[in-house]
Amino acid sequence: MPATYAGDVQAIEISNGVICSEGGYASHAPVVARSLGKAAVLYKDLEIKEDSAVIDGNVVKEGDYISFSVSSFKTPRIYFGKTDLVVSDPEENGLLELMAIVSDKLNKLKEKGDLDIEVLANADTLKDAKAALKFGAEGIGLCRTEHMFFAEDRVNYFRLLLVSENSEIRTQVLEKIKAFQKRDFMDLLKVLNR
């Protein structure tokens with residue numbers, strides 16, 4: 001996709017990864033993809049056509065396999081055809097170790113008074129918060145509550161709230177949503193109060 005908008009989140013949810021041709025590492029599609037545990041790559045040589053995409057002169061149609069390798073340390077690569085999936089483990093690939101080194105350096109600078117900075121994470125779910133803390137975040141800087149309703153067992157409550165013309169139904173749905181949010185925020189606060 002060239003760029004994405006809020007309405008594209010459902011496509012990102014069902015995909016295994018995202019390739020986009022506009023924006024950057026911190027633009028909407030990569031951020032949403034990573035928040036859902038999916039890989040995302042920015043690839044400027046992507047041309048979207050009506051029934052296909054062209055990547056580096058390779059035509060990709062619905063049902064074709066493409067894979068990509070996205071590393072924090074290397075230029076992303078795209079592979080055409082089916083490949084074996086290699087799931088990166090931050091505990092084994094050195095990423096947690098690198099984050100610990102960076103965190104240690106930041107903490108030493110803060111202790112000396114040479115740096116006034118907090119490292120906060122975007123975390124919308126308990127899973128996000130736990131991962132952020134594992135990577136050295138000091139807390140949550142942004143929690144987008146609407147992301148708490150992306151889960152399959154919750155999204156229909158939110159949709160019903162939006163389309164219902166019956167105030168009694170809306171009130172019942174709001175109570176259900178309130179219970180979800182209360183539980184979610186309690187879980188987030190518990191994990192942050194370690």
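Which residue just after helix 3 takes a positive phi? Gly113 does, at about 85°. The views below come from a predicted model, in which local features need pLDDT of at least 70, side-chain atom pairs count only at pLDDT 80 or more, and totals for chains, interfaces and linings use all residues. Residues are numbered from 1 along each chain as its sequence is written, and side-chain values use heavy atoms, with hydrogens and water left out.

**View 1. Helix 3 and the glycine that follows.** Helix 3 covers residues 95-112, which is 18 residues. Helices are DSSP runs (H or I, at least four residues), numbered from the N terminus. From first C-alpha to last, helix 3 reaches 26 Å, close to the expected 26 Å; the expected span is 1.5 Å times one less than the number of residues. Gly113, with its positive phi, comes just after helix 3.

View 2. Lys108 and Asp104 form a salt bridge, with their closest N and O atoms 3.3 Å apart. The term means a side-chain nitrogen of Lys or Arg within 4 Å of a carboxyl oxygen of Asp or Glu. The two residues are about one helical turn apart because they lie four residues from each other in helix 3. An α-helix has 3.6 residues a turn, so residues three or four places apart point the same way. Lys108 is partly exposed at 46% relative accessibility, and Asp104 is partly exposed at 36%. Buried means under 20% relative accessible area, exposed over 50%, and partly exposed in between (1.4 Å probe, protein chains only).

**View 3. Lys112 and Asp114.** The side chains of Lys112 and Asp114 form a salt bridge at 3.5 Å, N to O. Lys112 counts as exposed, at 62% relative accessibility.

View 4. Arg154 and Asp184 meet through their side chains in a salt bridge of 2.5 Å, N to O. This pair links distant parts of the chain, with Arg154 in helix 5 (residues 152-163) and Asp184 in helix 6 (residues 167-192), 30 residues apart. Both Arg154 and Asp184 are buried. The whole structure holds five salt bridges.

**View 5. Two cysteines.** Cys20 is buried, at 1% relative accessibility, whereas Cys143 is partly exposed, at 25%. The count of disulfides is zero, a disulfide being a pair of cysteine sulfur atoms within 2.5 Å.
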